[in-house]
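Thanks for passing this one along. Here are my notes as numbered points, starting with the domains and ending at the ligand.

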Amino acid sequence: MPAEFENEPLTDFNNEENRRKQSEALELVRSRLGCEYDLILGTEKLKSGASFKSYNPSKKAELIGTFQSADPGQAARAVDVAAAAFEKWKRAPVQERANVLFRAAQRLRARRFEGNAWMILETGKTWPEADADTAEAIDFCEFYGREALRYAERQPLTRIKTEDNDLRYIPLGVGAVIPPWNFPCAILAGMTTASLVAGNTVVLKPSSDAPATGAFFMSILEESGMPPGVVNYVTGSGPSVGNLIVEHPGIRFIAFTGSKEVGLHINETAARPRPGQIWIKRVITEMGGKDFIILDEDADLKDALGGVISSAFGYQGQKCSACSRLIVHEKVYDSFLPMLAEKAEGIKVGPASNPSSAMGPVINEKAMQSILRYVEIGKGEGRLMTGGRPASDEGYFIEPTIIADVDPAARIAREEIFGPVLAVVKARNFDDAVRIANDSEYGLTGSVYSRNRKHIDRAKEECFVGNLYINRKCTGAMVGVHPFGGFNMSGTDSKAGGRDYLLLFTQAKAVSEKI
Ligand code: NAD
């Protein structure tokens, strides 16, 4: 058995050696920009008739790479190739499957700065944000590898004298893995490795905003001894290629993380059986959030300030767990807000490749326009305290934005903006704050800053979110420590990085033999 799971430490970028390694890796990756990538179906690398490009959001004109838009025939073939590989992979000993993950963790460690660099350049992650993403991918490999071994052990059943009974977790079949761009290594790696270590095979369709990072992880799997066909890399747009894969009768399950709209669409599409389909597709769908932080009247405001800033503006507010609703007790409202605005104004926005940037760009032009539209809506719904403007033309930069005096029913307090825009709502008292926090169709993360034990206990009982934090930020869930997933329209609460997660990728078979 491997040693007990421990989280991968983060890289200290105050250390000169680490800074040098990260700079060198950025140079290395820059020298590889602009290449054309193929589809990977088993042992075959294929071009298609159409392609699309991925660009650096910090530097709009910098081409990251050109990627194939798989055609319908290629999307269907990917499912067939995965189905053929499943026949062998499902019988591979669990230790062999887990070893692929343990080796992948080693390869990620060895290529850590390179992996970070792909995300810095392709998705505008600052150095520490990119590094945390790679560390989480390593954690998923180490954690799910151990989990697969645990699930393979003899399961506790009520024993009877007349039979030998056994419960085995067997794989499902071919899965469609459809990740978002915002954790382009960690979430992609998490859903893919959970699938394959449980004995399934995968058609992986990375986000069109982060296909190079997906290709990086594919190369990690290939170096780790994953047999061809176990994970197939199929790029193309979500509404065309993604949809075709989801609809395919050979797909047994879909592991999706992304927006509410797409998640609901996939759930509906997958529910309809197609000719030749002999199962009900399982859908694991983790979606958006409208996450809150409550500041109680006796909260430690200095501590809360750091927590709010990092939850609201870390990775430009583009985390499903990002704080986008700050709910402040009226007694501390007027003293806290100026401190918050001042701190936000001090955040340095700039190219993600520059280690002094604390905030990089948002992901693309469409996101930028949508976020700026929300700022305009917000100006009508509240008082713009700071930010709200593009920060530079070279990339998709937006100033950290705070809009105060927002009604809980306002659009900017209810809809997921997915950018650096924080709506601040005043609460009359703690009861009111909890009511406002829960008045949402989402239920992903939330945080409460309070020194009042009764209030803390009430929050633990009443705040309806999948991940609740007390006196700390509402982002930064750690594998194994904070199993992650949300309620209501935030998804199926699959608790990634928790002990229940692998169950979703298996089915249990009970076998009884008469003695
Ligand atoms: P998105 O829904 O636009 O896309 C997600 C993936 O779905 C992409 O790979 C995309 O190509 C694909 N897709 C799009 N349309 C499709 C279709 N019709 N059929 C099949 N696939 C399709 O989301 P995004 O912009 O990539 O990511 C941001 C969203 O993800 C936010 O809403 C965020 O809150 C959410 N998110 C949630 C979690 C979580 O754990 N709950 C984690 C990260 C991100």
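1. Buried area here is the accessible area (1.4 Å probe) that two parts lose on being put together, summed over both. Between domain 1 and domain 2 that area is about 2,100 Å², with carbon and sulfur atoms giving 57%. Ser58, Lys60 and Trp181 supply 25% of what domain 1 buries against domain 2, more than any other three residues.

2. A word on the basis. This is a predicted model, in which local features need pLDDT of at least 70 and side-chain atom pairs count only at pLDDT 80 or more, while totals for chains, interfaces and linings use all residues. Residues are numbered from 1 along each chain as its sequence is written, and side-chain values use heavy atoms, with hydrogens and water left out.

3. The chain is assigned domain 1 (16–287 + 493–514) and domain 2 (291–478), with bounds that come from an automatic or database domain assignment. Their centres, taken over C-alpha atoms, are 31 Å apart. Domain 1 brings 22 residues to the contact and domain 2 brings 30 residues, where contact means heavy atoms within 4.5 Å.

4. Where does the ligand lie relative to domain 1 and domain 2? Both domains give residues to the shell around the ligand, so the ligand lies between them.

5. The shell holds 28 residues, and Pro179, Trp181, Ser259, Met287 and Glu416 come nearest (near: a heavy atom within 4 Å). α8 (238–247), β10 (251–257) and α9 (260–271) each give two or more residues to this shell, and α8 gives the most, with four residues. Helices (H or I, at least four residues) and strands (E, at least two) are DSSP runs numbered from the N terminus.

6. A polar side-chain atom of Glu416 is 2.6 Å from a ligand oxygen. The protein covers 89% of the 850 Å² of accessible area that the ligand has on its own (Shrake-Rupley method, 1.4 Å probe).

Notes
A polar contact is a pair of N or O atoms within 3.5 Å; within protein, one must be able to donate a hydrogen and the other to accept it, and residues adjacent in sequence count only if both atoms are side-chain atoms.
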